[in-house]
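User: I'd like to learn how to read a fold from its coordinates. Can you take me through one case, feature by feature?

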Amino acid sequence: MVDDDPYSHMICKHIMRRIAGEIELLEFTSPEEGIEFIESAFNKTTNEKPTILLLDINMPVMTGWDFLERYEKAESDIKNQLTIYLLSSSIDHHDKERAAANKHIKDFLTKPFRKEMVEIIFKDL
């Protein structure tokens, strides 16, 4: 999860673990650290486990859109290992349209994170 709001992390972690059990959750409040981790960790090996990225849009310094621009430049081996969901409080229809047009974004989920979202995320794995 890449989101500058620690409360979003707390809510997401609680719901994910309650519904999905013991799964590995990595949390980044800094999008820069999140993209650097992805570039480094997913470049070295092919991850056999499904990997979901929950990405916020509105963050200071590097927005979710900035994150995705950098992600677009990553090797295809890295991009093939991740499924990205935007998790945002944005109600701007331009954000939703932009998300729908981005081939790397699976879906746009509106905060707050809810248990129904876990079902949406895991149905395609």
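User: Let's start with Glu24: is this residue buried or exposed?

Analyst: The terms rest on relative accessible area: buried is under 20%, exposed is over 50%, and partly exposed is in between, using a 1.4 Å probe and protein chains only. Glu24 comes out at 65%, so it's exposed. You'll find Glu24 in the loop between H1 and helix H2 (31–44); helices (H or I, at least four residues) and strands (E, at least two) are DSSP runs, numbered from the N terminus.

User: What should I know about the model itself?

Analyst: It's a predicted model, where local features need pLDDT of at least 70 and side-chain atom pairs count only at pLDDT 80 or more, while totals for chains, interfaces and linings use all residues. Residues are numbered from 1 along each chain as its sequence is written, and side-chain values use heavy atoms, leaving out hydrogens and water.

User: How do I read the sheet?

Analyst: Strands of a sheet pair through backbone hydrogen bonds, either parallel or antiparallel. Two strands count as paired if DSSP finds at least two bridges between them. Here an open sheet of three strands has the order E1-E2-E3, with parallel pairing. E1 and E3 are at the edges with a single partner strand each, so one side of each has no neighbour in the sheet. Five bridges join E1 to strand E2 (residues 82–88), with Thr51 partnered by Leu82 in E2. Another five join E2 to E3, where Tyr85 stands opposite Asp107 in E3.

User: Why is strand E1 largely enclosed?

Analyst: Four of the five residues of E1 (residues 51–55) are buried, so the rest of the structure largely encloses this strand.

User: Which residues of helix H6 are buried?

Analyst: In H6 (residues 115–123) they are Met117, Val118 and Ile121. They cover an arc of only 105° around the axis, which puts them on the same side of H6; the arc is that of the directions from the helix axis to the C-beta atoms. The face turned away from that buried side carries exposed Glu119 and Lys123.

User: And how do I describe a helix pair?

Analyst: Two packed helices are described by the angle between their axes and the distance between the axes. Axes are lines fitted to C-alpha atoms, for helices over the stretch in contact (heavy atoms within 4.5 Å), and angles run from 0 to 180 degrees between N-to-C directions. The axes of H1 and H6 come within 9 Å and cross at roughly 60°. Ile15, Met16, Arg18, Ile19 and Ala20 in H1 meet Lys115, Val118 and Phe122 in H6.
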